[in-house]
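Take a look at the structure below. We will go through it step by step, from one whole chain down to single residues, and then across to its partner chain.

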Amino acid sequence: MNTAENRTPLIRLAKRTEMSRRNMWLIRVGSIIIALILGCIPMLLTGNNPFEAYGVIIQGSVSRPVYLKQTIRTAIPLLGCALAIAPCFKMKFWNIGAEGQITMGAVFATYFALFWSDKIPHGLLLIIMALSGAIAGGLWAVIPAFFKAKWNTNETLFTLMMNYIAIGIVAWLQGGPWEGRKGSQLIPMFSDSARLPTVFGVNCGWIIVLVLVVLMYIYMNKTKQGYEIAVIGDSVNTARYAGMNVGWIIVRTMFISGAISGVVGFIIVSGANFTLYSGVADGVGFTSITVAWLSQLNSFAMIAISMILAILEKGSNTLQTRMEVPASIADIITGILLFCMLSCEFFINYRLIFRHKEKKEVTA
Amino acid sequence: MTTLITLIVAAVTFGTVLMYGTLGEILTEKSGNLNLGVEGIMYMGGTFGLAGAFYYEKAAGAAASGPLAIIIAIMAAFASGMVASAIYSFLTITLRANQNVTGLALSIFGTGIGQFVGEFMRVSEGGYVALSNNLKESFSAVIFPDFLVGIPVIGNILFSHTVFFYLAIVIAVLMYLFLKKTRYGLYLCAVGESPSTSDAAGINIVKYKYLATIIGGGISAIGGMVYIMTTAGCVWNHEGLSGVGWLAVALVIFCMWRPLNAIWGSVLFGAMMIMYLRVSIPFIPTELYKILPYVVTVIVLVLTSMRNSRDKQPPASLGNNYFREDR
């Protein structure tokens with residue numbers, strides 16, 4: 001062996017210049033399959049048949065209209081919130097405060113549901129609830145955006161803290177000013193006029209969210225504002241030289257993002273829970289970040305990813321009742337799925353070159 | 001006066017949990033990795049720490065010794081935290097995945113594992129997993145002799161805590177000495193501040209990032225175990241543990257990434273979190289106490305970014321991955 005060969009590392013990386021769409025999707029689907037295989041491990045360790053378990057998950061989530069409706073109900077907030085996060089992440093503004101933005105949206109929607117439901121007609125009330133939710137979520141998101149734009153405050157940590165402040169506010173409302181029966185620690189259920197109507201058995205939130213999918217796609221790909229977001233994401237300096245007002249764009253984008261999260265909060269309280277409690281966002285704000293990222297910020301891919309996660313979650317509940325596997329298996333499989341899909345992007349972007357391959361080329 | 005002393009003692013008990021989580025995350029963030037998976041890591045530490053002590057007692061029977069059980073619980077928690085953060089490190093450092101998303105995925109995964117194992121142990125052991133009273137006591141035992149604890153006021157405040165509190169202080173001091181006084185510690189800080197400069201200076205970035213993140217994860221995980229074994233009374237309790245990891249992330253900011261600040265910072269945060277149980281201030285609803293730590297953290301975060309003084313900033317490359325090829 002000569003020294004030059006010794007100096008070549010065992011594995012080298014090279015950026016892939018081009019990859020066919022087909023191969024890209026093959027790798028992605030492959031990673032999902034690997035994740036499902038890895039997901040068998042906890043089931044085997046606890047003495048369950050993985051095939052049977054996956055069967056139950058599928059059965060329990062899509063086999064009957066009732067189940068399917070519940071699965072879709074789980075997917076709606078995930079999808080909606082992923083849409084909200086997409087523009088921020090495109091801008092490389094790491095907004096992990098969707099949880100709090102949902103909660104604040106829900107709080108303001110709840111205010112109108114509790115105190116104005118007998119004074120305003122049904123349709124108008126719902127519109128006011130949605131708008132107030134959007135404004136509240138948007139303003140809640142603007143706070144960290146403002147500090148980021150003005151003093152470059154770390155937005156990841158700031159938005160994270162805002163989540164718990166929002167949740168704390170709800171906990172206070174729940175036990176204090178908005179408490180229904182004294183000592184119950186519960187906010188009263190909404191009256192019928194503050195509830196979203198159902199379409200095909202699921203609250204009409206799914207229509208709102210699907211409309212948002214299309215709007216967000218157009219906004220991100222066909223408008224000037226969407227283009228500005230993309231430029232800032234690639235290089236803040238380029239954006240500055242091009243004369244963009246970076247601070248303003250950050251604040252504006254975060255308002256839009258927070259507003260969508262706020263609407264999701266409205267959909268959750270008015271379409272699913274019919275009341276407000278401190279766990280209203282229930283981790284959706286966090287899970288949807290992974291949905292957005294795994295979809296490559298593509299609105300239409302988010303529909304598929306959020307459905308997969310919803311199927312896992314709903315199916316696992318059935319799994320718990322039927323096979324006594326703890327429902328937290330959903331989180332484990334979701335986690336494994338995320339890990340696999342995150343790592344597969346590496347193999348899409350980079351090519352591994354092994355040393356021995358090189359040798360052959362040299363001798364040939 | 002007695003109320004104040006009980007408040008401080010209770011604050012230290014909860015603060016100890018936070019201190020481990022925070023110290024681990026400080027070490028991790030010093031390398032430029034923002035590991036948002038602390039919540040999941042602490043869940044895993046809690047459940048595996050409990051499992052370690054429980055199955056040790058089951059195997060040893062009546063002969064089980066307290067100190068050994070504590071060591072096994074610490075080791076089990078530390079190992080689980082290392083495994084969890086090794087996954088994170090592999091994804092972010094080697095496979096170059098986004099740190100925020102990977103950290104959140106680890107949170108989901110870790111809380112899932114924690115609850116799954118906790119629930120599974122409960123079911124497979126016939127409904128209840130708990131240590132014998134003997135072992136339970138050794139986990140919450142006071143390690144200093146009675147005459148020290150007996151000193152009025154000071155005795156209770158300084159000497160009446162569990163072994164975990166003093167261990168955490170030792171870790172904090174060691175971490176301070178490591179980061180400030182040793183060559184390797186300075187290298188680690190350099191990696192977190194400017195990976196490209198360190199790389200050019202010949203520091204092995206990958207090694208430092210891996211080691212700091214994995215050991216940091218291990219330390220954080222001990223915090224979960226301490227919660228389960230002291231505050232929760234050696235029973236798996238995921239409700240109590242939820243949110244603690246995020247609070248630890250907040251505390252890292254509050255401490256300005258300095259291990260010694262973590263000692264008093266975590267006791268202060270501990271006090272804020274349990275104050276609503278013990279003191280009631282008129283006109284301020286108790287529920288609002290609980291958001292105090294987060295509000296304070298936000299204020300600290302904003303003030304430091306406004307003042308922009310150099311030594312009070314997050315590590316400059318925090319949250320960004322380093323690729324030698326990407327310039």
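Start with chain A, where buried residues make up 48% of the 364 residues. Keep in mind that this is a predicted model. Chain A has 15 helices and four strands. Its C-alpha atoms fill a box of roughly 85 × 60 × 35 Å, taken along the principal axes.

A:Ala106 is found in helix H5 of chain A, which covers residues 98-115. Is A:Ala106 buried or exposed? It has 32 C-beta neighbours inside 10 Å, so A:Ala106 counts as buried. The cut-off for a buried residue is 20 or more. Now set aside the neighbours of A:Ala106 within four places in sequence. A:Ala106 is still in contact with A:Gly133, A:Gly265, A:Phe266, A:Ile268, A:Val269, A:Leu276 and A:Val280. Look at A:Gly133 in that list. A:Ala106 and A:Gly133 are 27 residues apart in sequence. In space they are 6.1 Å apart, C-alpha to C-alpha.

A:Ala304 and A:Ala75 are 229 residues apart in sequence, but 9.6 Å apart in space, C-alpha to C-alpha.

Now turn to pairs of helices. Two packed helices are described by the angle between their axes and the distance between the axes. Begin with helix H3 (residues 50-62) and helix H4 (residues 65-90) of chain A. Their axes come within 5 Å and cross at roughly 90°. That angle makes H3(A) roughly perpendicular to H4(A). Which residues make the contact? H3(A) supplies A:Gly60, A:Ser61 and A:Val62. H4(A) supplies A:Tyr67, A:Leu68 and A:Thr71. By class, this contact of H3(A) with H4(A) has three nonpolar, three polar and no charged residues.

Move on to the loop between helix H11 (246-273) and helix H12 (284-294) of chain A, where A:Phe274 has its place. A:Asp282 lies in the loop between H11 and H12 of chain A too. Why look here? Most residues other than glycine have a negative phi. A:Phe274 has a positive phi of about 60°, although it is not a glycine. A:Asp282 also has a positive phi, of about 50°, and is not a glycine either. A:Asp282 is partly exposed, with 15 other C-beta atoms within 10 Å.

It is time to bring in chain B. How many residues of chain B are in contact with chain A? There are 43, and they touch 42 residues of chain A. Five elements of chain B give two or more residues to this side: helix H3 (66-94), helix H4 (99-124), helix H13 (244-254), helix H15 (286-289) and helix H16 (292-307). H4(B) gives the most, with 16 residues. The residues on this side of chain B divide into 28 nonpolar, 10 polar and five charged.

Zoom in on one crossing between the chains. The axes of helix H7 of chain A (residues 155-175) and H13(B) come within 11 Å and cross at roughly 130°. That makes H7(A) oblique to H13(B). H7(A) passes H13(B) in a left-handed crossing. From H7(A), the contact is made by A:Leu157, A:Leu160, A:Met161 and A:Tyr164. From H13(B) come B:Trp246, B:Val249, B:Ala250 and B:Ile253. The residues of this contact divide into eight nonpolar, no polar and no charged.

Finish with A:Met161. Beyond its neighbours within four places in sequence, A:Met161 is in contact with B:Ala250, B:Tyr294, B:Thr297 and B:Val298. A:Met161 also belongs to the largest nonpolar core, which has 211 residues. The core members that touch the most other members are A:Ala82, A:Ile85, A:Met161, A:Ala292, B:Leu23, B:Ala73 and B:Leu251.

Technical notes:
Residues are numbered from 1 along each chain as its sequence is written. Chains are lettered from A and ligands numbered from 1 in the order in which they are written. This is a predicted model: local features need pLDDT of at least 70, side-chain atom pairs count only at pLDDT 80 or more; totals for chains, interfaces and linings use all residues. Two residues are in contact if their C-beta atoms, placed from the backbone, lie within 7 Å. Ala, Val, Leu, Ile, Met, Phe, Trp, Tyr, Cys and Pro count as nonpolar, Asp, Glu, Lys and Arg as charged, and the others, Gly among them, as polar. Axes are lines fitted to C-alpha atoms, for helices over the stretch in contact, and angles run from 0 to 180 degrees between N-to-C directions. Angles under 35 degrees count as roughly parallel, over 145 as roughly antiparallel, 65 to 115 as roughly perpendicular and the rest as oblique. A crossing is left-handed if the near helix is turned anticlockwise from the far one by less than a right angle, and right-handed if clockwise. A residue is buried if 20 or more other C-beta atoms lie within 10 Å of its own, exposed if 12 or fewer, and partly exposed in between; C-beta atoms are placed from the backbone. A nonpolar core is a set of buried Ala, Val, Leu, Ile, Met, Phe, Trp, Tyr and Cys residues joined through C-beta atoms within 7 Å.
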